[in-house]
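Here are some notes for a first look at this structure. Please keep the model open while reading them.

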Amino acid sequence: MSEHAEKPFLYVVVCAAGIAVGVPELITAAQERDWEVGVIATPQGLGFIDATALEEQTGRPIRSAWRSPGDPRPFPAPDAVAVAPATFNTVNKWAAGISDTLALGTLCEAYGFGVPIAVLPCVSQALSAHPAYRASVDRLGGMGVRFGEPYSGEPQQDGGRPEFRWERVLDLLTPGR
């Protein structure tokens, strides 16, 4: 457990996918499991979430940009990281070690610190077939990153979309589940 929080601290990394609007469900589920939560959004992901509502829900600012030297750290060190939804772009850049956003830098560092990381990918079937994506998932999996079943978000035969079960990322972080 992080030294600054009474409860274990979970970083939730949110990427730019339509399903990201539902991230409050993940935060609620994490809080019900006794996690304290801080949200880090990719710069494009900010356009898919209600930052004000998430700040109220978590009691912390939504992070998307690097802090300035000397500024206090708004979050304690993470005990775990959940990436949901994780996009094609984020998965590929992360696996390549690209750290050009706070979200990617956080993911790259979390591995180096040995922090458990779980991912719910939200990638279309066409993009998930790309060899670079498959290689990235294999590389991250080899690093110990835990992946849930991919979610394409593509319409079903009845026109509806499958449910994105946010709690699955928490299950991946919970031993024995």
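1. Terms and basis. Buried means under 20% relative accessible area, exposed means over 50%, and partly exposed lies in between (1.4 Å probe, protein chains only). This is a predicted model: local features need pLDDT of at least 70, side-chain atom pairs count only at pLDDT 80 or more, and totals for chains, interfaces and linings use all residues. Residues are numbered from 1 along each chain as its sequence is written, and side-chain values use heavy atoms, with hydrogens and water left out.

2. Aromatic pairs. Rings of Phe, Tyr and Trp (its six-membered ring) pair if their centres lie within 6.5 Å; planes under 30 degrees apart count as stacked, over 60 as edge-to-face and the rest as tilted. The structure holds six such pairs. Take Phe9 and Phe75: their ring centres are 5.7 Å apart and their planes stand at 40°, so this pair is tilted. It links distant parts of the chain, 66 residues apart. Phe9 is in strand β1 (residues 9–14), and Phe75 is in the loop between α2 (51–58) and β3 (80–86). Helices (H or I, at least four residues) and strands (E, at least two) are DSSP runs, numbered from the N terminus.

3. Around Phe75. Is Phe75 buried or exposed? Phe75 counts as buried because its relative accessibility is 5%. Phe9 is buried too, at 0%. Together with Tyr11, Phe9 and Phe75 form one aromatic cluster. The charged end of Arg63 sits over the ring of Phe75, 5.8 Å from its centre. For this, NZ of Lys or CZ of Arg must be within 6 Å of the ring centre and within 35 degrees of the ring normal. Arg168 places its charged end over the ring of Phe164, also 5.8 Å from the centre.

4. Nonpolar cores. A nonpolar core is a set of buried Ala, Val, Leu, Ile, Met, Phe, Trp, Tyr and Cys residues joined through side-chain atoms within 4.5 Å. The largest one has 29 residues; among those touching the most other members are Leu10, Val23 and Leu26. Elements giving two or more residues to this core include β1, β2 (36–41) and α7 (167–173). Helix α1 gives the largest share, five residues. Another core, of 24 residues, lies apart from it and includes Ile40 and Tyr133.

5. An exposed loop residue. Pro69 is located in the loop between α2 and β3. Pro69 counts as exposed because its relative accessibility is 82%. Its C-alpha atom is separated by 30 Å from that of Ala30, 39 residues away along the chain.
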